[in-house]
Amino acid sequence: MTAPATQGSLPQQRGRLARVPSLAAFADGTLITLMLGAVILWFAPAGMGRYGTYVLSLWLVMSIAVMGLNLTLGYAGLKSLAQAAFMGLGAYTTALLTTKVGLNWYASFALSGLLTFAVGLVLGFPALRVKAHYLAFVTLAFSTLIWLILRNEQWLTGGVFGLSNIPRPSFFGLKLDGALAFHRFVVIVTLILAVALWWMIRSPWGRAFTALRENPIRAASLGIDTRMYTLLAFAIGSAYAGFAGALYAPLVEFIDPSPFSLSQSFFLLLMVVAGGAGYLLGPFIGALLGVVLPEWLRVVGSLYLIIFATIVMLLLIACPQGVSGLLERGWAKLTGKGKIGKTVAGKSVAANTGGRS
């Protein structure tokens, strides 16, 4: 008499088991790559010297800023030319709070992210009315405004003389004044922010951002609040730039307005496109091209910028989807997934057209 009840409960049990996330669902290739990359970068500076360690740390800091722009542009499809300005806001907020107010770095880091989140939220409102290059013009004006404030308001920012003697944080009482110690701290912070973004992209938020990029009208018809997600894309992307600035200030221990100009925003945009917009690992590849590659090319002397520009132009001509798109296309050809996809698509078309060509 109890058999039917047991049989009837099997679908419910299977449904519950299907809803329980498996280890494979979490440990995908991207997350594993992030973990392995963090382990490698933890030990990478061995024997590189102080400057080599600084370059690796700068690469990770710029990767955080590019992660935010990748969320805004690559996933939500919103063009922004203000990422360097938000990075400057985060850097100056941290520098002022740690040097003038005496606040510890962790509180300054959180306040920098909160400030840039709020400013990005406000800047996101024009995105509700203007699109494409018109939105880029709005962010361009904002970037210029922030740079002028950083340069001209000497009483607050130090003007062209900048702010110096920016202290580095400590970690459970351990001083991070050394290049290697601070680099490993940057590795930890970068990993946390990258995993947070990985989780966000896999969440309903990430799917809403992607739907907003592909077709806002269709996204709205499916019940997605396009206004809210447009504002969130700007705000979260701006907060990541603020976090990057909060790390950049103690890394260089001196800041002035020049690293946060409009040209730097274009350079960050180049990193997103070259690395692969809409790919989670794209920011790391793009920042590698933008930060580390020029250092490698310095062996050729004064020609290194010409060679760097030529490499980037050839890359974008060969693969507009960036290095990540090129790697994905190569992997698809290597594994035969591209051919399988074409075969399945061909059969589907043939079935829909009744076999007529």
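What does E253 count as, given its relative accessibility?

Modeller: E253 counts as partly exposed, at 32% relative accessibility. The cut-offs are under 20% relative accessible area for buried, over 50% for exposed, and partly exposed in between, with a 1.4 Å probe and protein chains only. This is a predicted model: local features need pLDDT of at least 70, side-chain atom pairs count only at pLDDT 80 or more, and totals for chains, interfaces and linings use all residues. Residues are numbered from 1 along each chain as its sequence is written, and side-chain values use heavy atoms, with hydrogens and water left out.

E253 lies in the loop between α12 (226-252) and β4 (254-255). Helices (H or I, at least four residues) and strands (E, at least two) are DSSP runs, numbered from the N terminus. The backbone of E253 is worth a look: phi is near 65°, a positive value in a residue other than glycine.

F172 also has a positive phi, about 50°, although it is not a glycine. Its loop runs between β2 (170-171) and β3 (174-175). F172 counts as exposed, at 80% relative accessibility.

G336 follows α16, with phi near 80°.

Now the helices themselves. α5 (residues 83-101) has 19 residues and reaches 26 Å from its first C-alpha to its last. That is close to the expected 27 Å. The expected span is 1.5 Å times one less than the number of residues. Of the 19 residues of α5, 16 are buried, so this helix is largely enclosed by the rest of the structure.

α16 (residues 322-335) has 14 residues, which should span 20 Å, and its end C-alpha atoms are 20 Å apart, in agreement. The buried residues of α16 are G322, V323, S324 and G325. They pack against α13 (262-275), α14 (282-296) and α15 (304-318). Contact here means heavy atoms within 4.5 Å.

Two of those partner helices hold residues of interest. In α15 sits F308. F308 counts as buried, at 9% relative accessibility. Leaving aside residues up to four places away in sequence, F308 touches F267, L289, G290, L293, P294 and L297. L297 is 11 residues from F308 along the chain, and their C-alpha atoms are separated by 7.4 Å.

G286 is in α14. G286 counts as buried too, at 1% relative accessibility. With residues up to four places away in sequence set aside, G286 touches M271 and G275. M67 is 219 residues from G286 in sequence, yet the C-alpha atoms are 9.9 Å apart in space.

Next, a helix pair. Two packed helices are described by the angle between their axes and the distance between the axes. α3 (residues 29-43) and α9 (residues 179-202) pack at about 175°, with axes 9 Å apart. Axes are lines fitted to C-alpha atoms, for helices over the stretch in contact, and angles run from 0 to 180 degrees between N-to-C directions. α3 and α9 are therefore roughly antiparallel. The classes are roughly parallel under 35 degrees, roughly antiparallel over 145, roughly perpendicular from 65 to 115, and oblique for the rest.

From α3, the contact takes in T30, L31, L34, M35, A38, L41, W42 and F43.

α3 has 15 residues and reaches 22 Å between its first and last C-alpha, close to the 21 Å expected. Its buried residues are L31, L34, A38 and L41. They cover an arc of only 95° around the axis, which puts them on the same side of α3. That arc is taken from the directions from the helix axis to the C-beta atoms. An α-helix has 3.6 residues a turn, so residues three or four places apart point the same way. On the other side of α3, L36, I40 and F43 are exposed.

Last, the whole chain. The protein chain has 17 helices and 4 strands. Buried residues make up 44% of its 357 residues. Among contacts with a separation of 6 or more, 76% join residues 24 or more positions apart.
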